[in-house]
Amino acid sequence: MRLIPTAMIIKRIFQILLSLSLIFPFLSCENLQSNKEKKTVMADRKWWKEAVVYQIYPRSFKDSNGDGIGDLKGIISKLDYIKSLGIDVVWLNPIFTSPNDDNGYDISDYRGIMKEFGTMDDFDLMLKGMHERGIKLVLDLVANHSSDEHEWFKQSRSSRSNPYRNYYYWWPEEKGKPAQRYSFFDVNSDAWKYDATTKSYYLHYFSVKQPDLNWENKAVRDEIFKMMCFWFDKGIDGFRMDVIPFISKDTTFPELPAKYNGNFGEYYANGPHTHEFLREMDSEVLSKYDVMSVAEGAGVTINEAMDFVDPDRKELNMLYHFDGVSLGYLPGEYKAPDPKGYSLVDFKTIYSRWDSVFAQKGWGTIYLGNHDQPRMVTRWGNDSPEYRELSSKMLTTFLLTMHATPYYYFGDELAMSNIKFDNIDDYRDIETLNMYKQVKSKNGDLKKLLENQKISGRDNGRTPFQWDSTANAGFTTGNPWLKINPNFKTVNVAAQENDPNSVLNYFRKLVKLRKIELTLVYGKYTLLDKNNPDIYAYTRELEGKKILILLNFKAKNTSVAIGDIDLSKAKLILSNYNEESSTPMNLRPYEAKIFELE
Ligand code: NOJ
């Protein structure tokens, strides 16, 4: 005879009571409301909501053959390290064949592996190794544009009557100069490039070597969809979609409406058929696999985000916004950081607003660093020797306790910081090099530009990973493609691996906590002490369980007001200081504390 444990009986009674309360709404409207919330939140569990995504910039992770460039075999050799982090998903920046004008975001063969990175056999081994370790793999889908060295473009530019002509956007010279379009990576910021062979201009929102693909042409969409299936059939688990909101264009190319002047990204993200194309992608590809999709939400405003990720619309799963990472830059200049820093109140407002968008449906993402951003600790924390570790742990606490899927950038688990090059010759990134040429051509302030780039330049986040204190940080036996941060002697995996208090082990603890505590994944987020200029405080709540998170974003002792929350029985689950503070509401510089409340 099977015995029914007491817990099961209690659970059954609870379920009956719950269904009664649904049948008899007069029992309590308040209860009914919260039951409804619970149902929607927990009924819709998904692996990608519970995942911690770890982003690897393959060029800089681990070089296996001494050419100074990270590669797939290098990743394979470090799979056990990746596994040891406890993360669930790896997102790899583009690994496809590319002339590397924009480090792989200019693809010349969507089904080939970049030769510096290895071969398809290496890829298959890497994927197998990840899956054997329970790690999923997400690749980058760069489909707004290809490389100008892609066979499609070579054909397209060869003659006006070539069958591939309409794979790209062409504007014949006899129609005069097309209306202005802004290019992010063009010396003249001009997105139209004249091509003498066919006496026409082609469109490139990014560099001249990144012509935009014409998604209005069904043949192009089919090529992209088939290519996606190719990778899904190989077994990958999802795509991060590069500037996907830009895929649809008004092909009459009218003058830019005045409201978008200076805000081209928003115009680009508001093409006439974007959502139609995404729904088609879902029905023809995504819906056929158990995979995740995340849009790089360039140009997407908070009011438009739900249209991309509302599950009822059947488009994408997640989108990452730019409101957070854009905070604290001065408008009208090249990513110039405000010397006053950023306002924590504004920071809290942004993340709270974005949380509210997805409070009932859809799902959010959270990140503070990636390959387009400077290092998290330099930009949002404090990279001085005194506070680098503490502030980095505090920021990691933020990322892993918010109501969204965290995208964690490789190297942040070591508190790697900006390299801050003094010399333009040290930079490799097309964005910085381009800005430099532009400022130079206008006789602008190059010194100021270089100072600003020390904070905002993308290469700061791309320097090679720091494995140990040997030559070249154990990244390569050759000449690294980008200089290694001289702090590698102390900031590296080997130095942190066995130190229980290291930044690395703190990250591991937090990942573990998020895995076992679903309140941190699905729990309702409530901001506390909203106008406190130093502390970010919030609770996460699910099914009667409440967790309080207190984060001091400043290099000083300060306190927080948490209203009527009773801390007398609160249990400290994790903190970035070793000794507990005297009063829970006082926080030391960059202190982070997580409490379980009764
Ligand atoms: C966004 C990518 O993240 C960035 O690295 C790239 O330069 C542009 N898209 C163009 O593909």
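How far from an oxygen atom of the ligand does a polar side-chain atom of Arg240 lie? In this predicted model, the separation between the polar side-chain atom of Arg240 and the ligand oxygen is 2.9 Å.

| Residue | Distance from a side-chain N or O atom to a ligand oxygen atom |
|---|---|
| Arg240 | 2.9 Å |

The protein buries 98% of the 290 Å² that the ligand exposes when taken alone.

**Shell around the ligand**

The residues surrounding the ligand include the aromatic side chains of Tyr105, Phe185 and Phe206. Also among them are His145 and His371, the acidic residues Asp102 and Glu296, and the arginines Arg458 and Arg462. By class, the shell comprises seven charged, three nonpolar and two polar residues.

Two or more lining residues come from each of the helices α9 (264–268), α12 (323–326) and α16 (430–441), and from the strand β12 (329–330). Of these elements, α16 supplies the largest share, with four residues. The lining of the largest pocket divides into 17 nonpolar, 14 polar and 12 charged residues.

Technical notes: Residues are numbered from 1 along each chain as its sequence is written. This is a predicted model: local features need pLDDT of at least 70, side-chain atom pairs count only at pLDDT 80 or more; totals for chains, interfaces and linings use all residues. Side-chain values use heavy atoms; hydrogens and water are left out. Ala, Val, Leu, Ile, Met, Phe, Trp, Tyr, Cys and Pro count as nonpolar, Asp, Glu, Lys and Arg as charged, and the others, Gly among them, as polar. A residue is near a molecule or strand if one of its heavy atoms lies within 4 Å of it. A polar contact is a pair of N or O atoms within 3.5 Å; within protein, one must be able to donate a hydrogen and the other to accept it, and residues adjacent in sequence count only if both atoms are side-chain atoms. Accessible areas come from the Shrake-Rupley method with a 1.4 Å probe; for residues, only the protein chains shown count as cover.
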